[in-house]
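Open the model in your viewer and keep the sequence panel beside it. This tour tells you what to select at each stop.

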Amino acid sequence: MKYLIIAIPIVMMVACTNNTPPPVAYMEAQNHRSIVMDTGKILFEAKCATCHGSDGTAGIGNAANLKTSQLDSIAITDRIRNGKNGMPAFKGKLSDAEIHKLENYAYRLRK
Ligand code: HEC
C-alpha cells in the first residue's frame, strides 16, 4: 500500500511529461491568427478584389499594387478608412475590427 501511494504520483508525472501538449497561449495565438486571416480574406474578396484583384495586383481603375506597396500597417489602415483618389473610404461602412482584419490581410499579400 505504501509503495502504491508513492508509485501513483510517479506514474502520473512520467505520463504527463512524456506527452506535453503545446502551451495554451500558443494554440490560442494560432487560432486567432487563422480566424483573422480567414475573415480578412472573405472581406477582401467581397470589398477590395473588384479593383485590386484577389492577389492585390489587378490594378483596375489605377488601384495600387498591394504586393509591391511600401505602406506600413498604420498607413494601410488610414487608406482603408479615409480612401484616396480612386480608393473609396470604408470608414462607417466597415467596423474597426473588419478594417483591422483587412489591413492585416492586405499586408500579408506581399509574401
Ligand atoms: C473602387 C476601386 C477600389 C476598391 C473597391 C478598393 N480600392 Fe484600394 N485603392 C484603389 C486605388 C485607385 C488606390 C490608389 C490610391 C492612390 O494612391 O491614388 C488604392 C490604394 C489602396 C492602398 C494603398 C496602397 C499604396 O501603396 O498606396 C491600400 C492599402 C488599399 N487600396 C487597400 C484596399 C482595401 C483593403 C480595400 C477593400 C476594403 C480596397 N483597397 C478597395 C482602388 C480601390
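How many helices and strands does the secondary structure of the protein come to? Colour by secondary structure: there are 5 helices and 0 strands. Both are DSSP runs numbered from the N terminus, helices being H or I with at least four residues and strands E with at least two. Along the sequence the pattern reads α-α-α-α-α.

Two points about the source come before the first selection. This is a predicted model, in which local features need pLDDT of at least 70 and side-chain atom pairs count only at pLDDT 80 or more, while totals for chains, interfaces and linings use all residues. Residues are numbered from 1 along each chain as its sequence is written.

**Whole chain**

Select everything. The protein has 111 residues, and 11% of them count as buried. Buried means 20 or more other C-beta atoms within 10 Å of a residue's own; exposed means 12 or fewer; partly exposed is in between, with C-beta atoms placed from the backbone. Of the contacts with a separation of 6 or more, 48% join residues 24 or more positions apart. A contact here is a pair of C-beta atoms, placed from the backbone, within 7 Å.

**Helix 5**

Select 96-108, which is helix 5. This helix has 13 residues and spans 18 Å from first C-alpha to last, close to the 18 Å expected at 1.5 Å a residue. The expected span is 1.5 Å times one less than the number of residues. Now pick out its buried residues: Lys 101, Leu 102, Glu 103, Tyr 105 and Ala 106.

**The core**

Which residues form the largest nonpolar core? Select Cys 48, Leu 66, Ile 80, Leu 102, Tyr 105, Ala 106 and Leu 109. Helix 5 gives the most to this core, with 3 residues. A nonpolar core is a set of buried Ala, Val, Leu, Ile, Met, Phe, Trp, Tyr and Cys residues joined through C-beta atoms within 7 Å. In soluble globular proteins, nonpolar side chains tend to be buried together.

**Around the ligand**

Show the ligand. Its shell holds 23 residues, and the closest are Cys 48, Cys 51, Ser 69, Gly 86 and Met 87. Helix 3 (49-52), helix 4 and helix 5 are the elements that give two or more residues to it. The shell divides into 13 nonpolar, 7 polar and 3 charged residues. For this count, Ala, Val, Leu, Ile, Met, Phe, Trp, Tyr, Cys and Pro are nonpolar, Asp, Glu, Lys and Arg are charged, and the others, Gly among them, are polar.

**Loop between helix 3 and helix 4**

Go to Ile 60, in this loop. Ile 60 is exposed, because 11 other C-beta atoms lie within 10 Å. Ile 60 touches Thr 50 and Cys 51, leaving aside residues up to four places away in sequence.

Next, Asn 62, found in the loop between helix 3 and helix 4. Its phi is near 65 degrees, a positive value in a residue other than glycine. Most residues other than glycine have a negative phi.

**Loop between helix 4 and helix 5**

Select Asn 85, in this loop. Asn 85 also has a positive phi, about 45 degrees. With 9 C-beta neighbours inside 10 Å, Asn 85 counts as exposed.

Finish at Phe 90, in the loop between helix 4 (73-82) and helix 5. Is Phe 90 buried, exposed or partly exposed? Partly exposed, because it has 19 C-beta neighbours inside 10 Å. Phe 90 touches Ile 80, Arg 81 and Ile 99, not counting residues up to four places away in sequence.

Definitions and conventions: Two residues are in contact if their C-beta atoms, placed from the backbone, lie within 7 Å. A residue is near a molecule or strand if its C-beta atom, placed from the backbone, lies within 6 Å of it.
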